[in-house]
Amino acid sequence: MQTQNQDAIDFSQLISDHYNQLTKSEKRIANYLRKNQEECAFLAAGELADRLDLSEATIVRFARTLDFSSYPAMRAVLQEEFRQRVTHSTRLRSRLDDLREAGDIFEQVTVSEIDYLTQALRTVDRESLHQAVKRIIACEHIYVFGTGPSISLVDLMNVRLTRFGKHVIPLMTAGREMLEPLLTMTARDLLFAIGFFDVNPSLQTVLDQANSQGCPVILLTDTLDSIIGDKAEIILAAKRGPVSAFHSLVVPMTIINTLLLEVANENQDQVMKNLDHLDQLRQSLKRSGGS
């Protein structure tokens, strides 16, 4: 009987129950998963195979040996166990404990942010940034999706791109009110989705709608690239520190600021014309007694 009810599964116990039945290669996989469960929860089968110098087929067979219908089904269990262990409060508590031990909180936060940005210099793909800029300039409307802490990033893109003359449709809610704007999405538009850690139903809905309408998708994410797969045309990898940590937005914010400046640079005449017009409107408002 295949394992399907992920809520009731203890993955470590499942490995123990099957360990004697595993081949030598499968035992290597099992031992690696036990030691690196948090990280492996967000790896594609090919990525895990590369780390262990095994074939992707061996990884898939391992999942089936544990009675899962597929590798994604096994990974879903790993992710669910991780979510149950790592809540918002535990991430924050762990971060505060680390900072207290180190002393000066401001100094330690600054050092860690610089470290994340330094890593970004090596990991952010410049060609993906260039292609994203071209998509933003060419689109008719740009739908920008983000919930939770990502709302601040959506706000930033909304304000800046609107000033540049783009028609922005912000999607910042997880309820039914998000659905109406999706009705007008076409292949001439662009979806810029911001999603970290988990593919929630709202993110899944906007991705599915964009794909069904032939609307190009740019995804800004940390761990979801292998999970989203070909649902996104362009992936912008914004590493925010360890998956179990209290996360920083400095790298996602830097990537967005880079895109905004690149868009302004590529479309200077139109952007400057719009900003001059905005200044004129502000002066007019001031003369009429507005704030």
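Is glutamate 140 buried, partly exposed or exposed? In this predicted model, glutamate 140 is partly exposed, with a relative accessible area of 40%. Its side chain meets that of arginine 188 in a salt bridge with an N to O distance of 3.1 Å, and the pair links distant parts of the chain, since glutamate 140 lies in the loop between H9 and E1 while arginine 188 lies in the loop between helix H11 (179-182) and E3, 48 residues apart. Arginine 188 is exposed, at 52% relative accessible area.

The structure holds 4 salt bridges in total. In another of them, glutamate 233 pairs with arginine 135, the closest N and O atoms being 3.0 Å apart; glutamate 233 is in the loop between helix H13 (225-228) and E5, and arginine 135 is in helix H9, 98 residues apart. Glutamate 233 is partly exposed at 46%, and arginine 135 likewise counts as partly exposed at 33%. Lysine 231 forms a salt bridge with aspartate 208, with 2.9 Å between the closest N and O atoms; lysine 231 lies in the loop between H13 and E5 and aspartate 208 in helix H12 (residues 201-213), so this pair ties together parts that are 23 residues apart in sequence.

Note on methods
Residues numbered from 1 in each chain as written. Predicted model: local features only at pLDDT ≥ 70, side-chain atom pairs only at ≥ 80, totals over all residues. Heavy atoms only, no water. Helix = DSSP H or I, 4+ residues; strand = E, 2+ residues; numbered from the N terminus. Buried < 20%, exposed > 50% of the residue type's maximum accessible area, 1.4 Å probe, protein only.
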